[in-house]
Amino acid sequence: MEQTDVSSIDRLILDETFEMDMKEIRSLGYHTVDIMVDYLNNIRHRPIFPSKTYQEMIQLISEPLPYDAKDPHEILEDCHQKINANSLQIGHPRLLGWMLTSGTPISAFADAIASLLNQNVSVSGCTAATTVELLVINWIKQIIDYDPEAAGILVSGGSLANLTALTVARNNEADVDISSQGMNQKRNNMIIYVSEEVHFCILKAVMILGIGTQNIRWLRTDKHHCLDIHDLQTKIKEDLALGKHPFCVVATAGTVNTGAIDPLDAIADICQEYNLWFHVDAAYGGFAALSKTFKPYLKGIERADSIVLDPHKWLFISYEAGCVLVKNKTLLKKTFTMDAPYIHLKKNDSEKDEEVNFSDYGIQLSRQFRALKIWMSLKQYGIQRYQHMIEQNIHLAHYLSALIYESNDFQQAAPIGLSTICFQYFPADLLQDYKKKNESEKEKINEYINKLNQVIIERMHYDKRALLSSTILGEQFVIRACIMNYRTTKQDIKNILDITRELGRTADKKLRNITS
Ligand SMILES: Cc1ncc(COP(=O)(O)O)c(C=O)c1O
């Protein structure tokens with residue numbers, strides 16, 4: 001390319017700017033807040049599940065690539081009418097499906113400020129944001145009594161956090177240098193032990209890391225859906241005898257299906273005995289440690305080599321906020337540190353040592369300022385109110401269980417795990433006689449109950465007054481409620497059960513051709 005002279009390039013530079021008038025920014029801000037308040041004010045009264053199908057949504061929002069500028073107030077209104085109104089009402093007090101939390105309002109404001117500051121929390125100079133993240137990570141370590149020297153990083157969620165932790169586990173437990181030689185040089189398979197109830201993101205991590213799903217040893221669970229430690233021990237011994245390389249056990253504190261907590265202390269003992277990496281996926285249950293009553297159930301978590309917790313689950317933080325902790329900071333940094341001359345602002349070695357660069361702690365380089373919303377929420381409510389809220393969620397699960405127990409047409413399908421409860425709608429006439437039936441009759445009834453509950457869940461999506469999810473436990477199709485919502489009240493729980501009953505009765509009448 002030829003060298004341009006100043007006057008010819010000067011003519012091409014327009015005096016264009018994206019700057020906005022401060023008054024206009026303020027008015028846009030007020031407009032945004034009005035929309036947010038309107039949204040929150042009506043959240044209890046909106047249909048939970050959006051009415052529009054994908055096709056209808058595409059029709060509603062499709063438009064050509066915008067060429068001309070538009071008034072931002074119009075865009076906000078458009079968003080309010082088209083997007084907000086047609087979103088899944090996560091945060092609705094009767095949405096207890098999956099593991100969806102209601103974000104605290106201050107999380108939303110914090111996100112707005114974080115976006116405004118636009119800190120890249122891996123870059124020199126983003127010291128304020130880095131310090132807040134370090135503080136938040138220290139608070140999370142304190143909540144679970146973890147080693148104060150442990151390192152951690154905030155990531156998008158549990159899936160990425162588990163991948164991050166298992167990368168450290170794989171690299172440091174391998175007997176070859178995985179970073180330079182890759183998995184190809186491993187002669188014996190690295191084996192990872194997980195229970196049947198593990199979240200699928202662990203499988204994804206195993207696939208991504210080249211460990212291979214055939215090197216997963218699936219462990220049985222007991223009647224509480226917790227990992228069976230005898231099976232763990234047996235399988236480790238078998239693998240050692242076969243010359244394989246057992247390297248990691250994944251325990252779950254709060255399984256996705258039933259909220260079960262694996263026997264962490266006993267698993268830690270086995271990991272110690274066989275020198276295995278002990279990883280705890282506490283994405284859901286980790287923050288139960290905020291409750292003095294429920295903290296003892298997590299005993300042993302502090303012995304883990306790595307732990308995952310999701311503030312966007314039981315800290316009521318808006319998406320995305322996951323956290324991974326690794327006990328040995330050196331191993332975490334050894335796994336992810338990459339140096340490059342274009343990264344460090346301060347070139348002097350001692351200054352580099354002082355600087356915390358989060359790109360040394362994980363996969364991402366550019367990172368948003370996630371810590372701000374956690375920092376603000378924890379400060380706004382304080383640990384004591386968080387403790388009460390988490391306990392209230394758990395007590396509401398027990399309340400639902402008590403209502404089920406006292407009813408004649410519901411049946412609990414698994415022990416309550418934290419704030420999760422699985423159950424089935426079981427028409428009273430079928431439930432009454434069930435015990436007297438022979439095995440083949442029972443099998444037929446069970447098949448019917450599975451089908452009926454499936455229909456109930458499908459209908460709930462159209463009904464929109466409540467939303468629960470489902471899962472399979474053994475041979476049973478069960479309805480699953482996970483209470484992770486600070487808006488849910490006792491009355492909501494009663495209503496949810498009544499709505500489920502109403503949908504169940506209608507479906508039952510139709511399926512069994514009952515005319516009365
Ligand atoms: C136990 C457990 N681990 C991991 C995950 C995945 O977390 P995320 O959805 O934040 O990626 C979940 C999600 O529900 C979970 O329940």
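**Entry 1: the starting point.** I am working from a predicted model.

**Entry 2: the largest pocket.** I looked up the volume of the largest pocket and got about 780 Å³. I then asked which residues lie nearest its centre. They are Met-36, Tyr-39, Leu-40, Ala-108 and Ser-318, out of 27 residues in the lining. I noted the elements giving two or more residues to that lining: helix 2 (22-42), helix 4 (72-83) and helix 5 (105-117). Helix 2 gives the most, with six residues.

Entry 3: I sorted the lining of the largest pocket by residue type and found 16 nonpolar, nine polar and two charged residues. Domain 1 (19-48 + 50-87) and domain 2 (120-368) each supply at least three residues to this lining.

**Entry 4: the second largest pocket.** Here the volume is about 460 Å³. The lining holds 30 residues, with Met-99, His-199, Val-256, Asp-310 and Lys-313 closest to the centre. I found two or more lining residues coming from each of helix 7 (158-173), helix 9 (200-208), helix 12 (311-314) and strand 10 (469-473). Which helix gives the most to the lining of the second largest pocket? That is helix 7, with four residues.

Entry 5: For the second largest pocket I listed ten nonpolar, 14 polar and six charged lining residues. Domain 2 (120-368) and domain 3 (387-512) each give at least three residues to that lining.

Conventions. Residues numbered from 1 in each chain as written. Predicted model: local features only at pLDDT ≥ 70, side-chain atom pairs only at ≥ 80, totals over all residues. Heavy atoms only, no water. 1 Å grid on protein atoms, 1.4 Å probe; cavity = no way out; pocket = protein on both sides within 12 Å on 5 of 7 lines; lining within 4 Å. Points joined across faces, edges and corners; volume = space filled by probe spheres on them. Nonpolar A, V, L, I, M, F, W, Y, C, P; charged D, E, K, R; others polar. Domains from an automatic or database assignment.
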